[in-house]
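Please read them with the coordinates open.

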Amino acid sequence: MKSTLKKLLPFAVVGVISGATTVGTLQYFNHDSNTADQSYFTKSASDVTFAGMNSGAVGEDFVKAAKTTVPAVVTIKNYQSRTANRASEQDLFDFFFGDPFGGRGQQRQRQQQMPDNMPSGMGSGVIISPDGYIISNNHVVAGANKLEVVLSNKKSYIATLVGTDPNTDISLLKIEEKGLPYLNFANSDNIEVGQWVLAVGNPLGLNSTVTAGIVSAKGRGIGILSSQGKAANPIESFIQTDAAINPGNSGGALVNTNGDLIGINSAIQSTTGYYQGYGFAVPSNLARKIVEDIKKFGIVQRGFLGVQSLDLSNDMQVAAYNKDKKTNIKAGSGVYVTGFGDNSGAEDAGIKVGDVITKIDNTAITDFADLSIAIGSKRPGDKVMVTYVRNGKENTTTVTLKDQKGGTSTRTKADLSVTEKIGAEFDPLSERFKTDYGLNSGVVAKNVTEGSEIAKIGIVDNYIVIEINGKPVNSQKDVEKILDKYSGNVSVKFVDAYGQIYTRGFKMP
């Protein structure tokens, strides 16, 4: 009897495994794969599909997602003038991926300066509509005087840059074509830690590369946009994944196993500049809001709560604040209000210094990243319910969000001031400085916005603008007077940090 059982046991095990495989396969083929909605910026179904533990089903899910995604992911080649900007000598991706040459990247670039017909950098992009709109990262397109888009079928186009947003590291491009493959936006609020995802892009010059991993964390704020970019008011609430991401993946797709877009790959955390286990993607809900704003209004509509704050989840930040202010605030969860900006909607709604914000519209706020995306995805005039703790008691109030000028309505490019349109502000030069350096006029550029018209011609913070359209400028009012209601080409004469004088131009937006 025992010998008979021994003979039958292997067949029983095989039968159990076979049955499990059959159930897993049947469940997979019963998944709803309907993607019939063809409208612009469509949301996919709100549910999130998970790859099952059955190895056969996992493989099939990955194949389906890869087949959907690869045709909609493109290569973006960034061409820059060799004399346009000294900063462009640094590889575009050194900012976001570090310099794998141990600080020798800039030296290498100077020694091996690329000819004009070679791209200065390359990244990825995702087609999001059949008529040729493409989403990518701001740092992929920064400083470009020409952008070339290459599809997975090797067909090439010159793209128009529709707009960018350094605060989220998102850009929107357009190529003239119809009937293109594209990806639907999924609801990134529904993703879960542990969910299978695929990263699709063109890393290290290897086109149409697909890697798989899981969502390893959500709501990550890593400080990369404020510390290494040009973001004045960064929104960081990244999706963290262990799907392999390398330089060139920037702007590519992070998708679920349906092939729906849940994020735009933006950065990795690495000591070498190459993949070491952590990649970060802008959530699709935020990315979609940014490109919708750019397409509809020409600019990003950003609502502000109007508070200065302390992230209670950051022990070091809390300790530094306590030392500086001689306070005894305890680290924990939430965002502590330390002050207010001008025209603050939060202050108008009754919030006070010392309150701890714990929820926005019933969404828990555990750290600054949570607050950043909860408010950063709203527009001026939107109302949000803010839950806060004061003296141990929970309270709620409704705050009307405002723009940085205190407005509560959306604006278009036509509503912008001259300095907002060209992307810089200007301080006057002292008479002593003019005398010492032999200048008859000049203003100092400050708060230069990455990707702006001023930035494109090579001007960065602290460069001196001498003339605009042949007229001397000595104050910001001079700049505004010359360019107010002006249309056409603008000529700018400026001095760089090395004392060299350039004349460059742009078309007034």
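1. Basis of the note. This is a predicted model, in which local features need pLDDT of at least 70 and side-chain atom pairs count only at pLDDT 80 or more, while totals for chains, interfaces and linings use all residues. Residues are numbered from 1 along each chain as its sequence is written, and side-chain values use heavy atoms, with hydrogens and water left out.

2. Confidence. The mean pLDDT (the predictor's confidence in each residue, from 0 to 100) is 82 for the protein, and 78% of the residues score at least 70. Where pLDDT is low, the predicted coordinates should not be read in detail.

3. Overall make-up. The secondary structure comes to 14 helices and 24 strands, taken as DSSP runs numbered from the N terminus (helices H or I, at least four residues; strands E, at least two). Of the 509 residues, 47% count as buried, where buried means under 20% relative accessible area, exposed over 50% and partly exposed in between, with a 1.4 Å probe and protein chains only. Among contacts (heavy atoms within 4.5 Å) with a separation of 6 or more, 63% are between residues 24 or more positions apart.

4. The largest pocket. Its volume is about 1500 Å³, that is, the space filled by probe spheres set on grid points joined across faces, edges and corners. A pocket here is an open set of points on a 1 Å grid over the protein atoms alone, where a 1.4 Å probe fits, with protein on both sides within 12 Å along at least five of seven lines; lining residues have an atom within 4 Å of a point. Of the 46 lining residues, Ile299, Leu416, Glu420, Gly423 and Thr449 are the closest to the centre. Two or more residues each come from β5 (156-165), α11 (418-422) and α13 (453-456), and β5 gives the most, with 5. The lining divides into 15 nonpolar, 17 polar and 14 charged residues.

5. Helix α14. In this helix (residues 476-483), Val479, Ile482 and Leu483 are buried. Seen down the axis, the buried residues fall within an arc of 85° and so line one face of α14, the arc being that of the directions from the helix axis to the C-beta atoms. The face turned away from the buried side carries the exposed residues Lys477 and Lys481. The buried residues pack against α11, β19 (425-428), β20 (443-446), β21 (464-468), β22 (471-472) and β23 (489-495).

6. Positive phi angles. Lys485, which is not a glycine, has a positive phi of about 60°; this residue lies in the loop between α14 and β23 and is exposed, with a relative accessible area of 81%. Asp361, also not a glycine, has a positive phi of about 50°. Asp361 sits in the loop between β15 (356-360) and β16 (363-364) and is partly exposed, at 31% relative accessible area.

7. Asn138. This residue belongs to helix α5 (residues 138-141) and counts as buried, at 2% relative accessibility. Apart from neighbours within four places in sequence, Asn138 is in contact with Thr164, Asp165, Pro166, Asp169, Ile170, Ser171 and Glu450.

Terms used:
Nonpolar A, V, L, I, M, F, W, Y, C, P; charged D, E, K, R; others polar.
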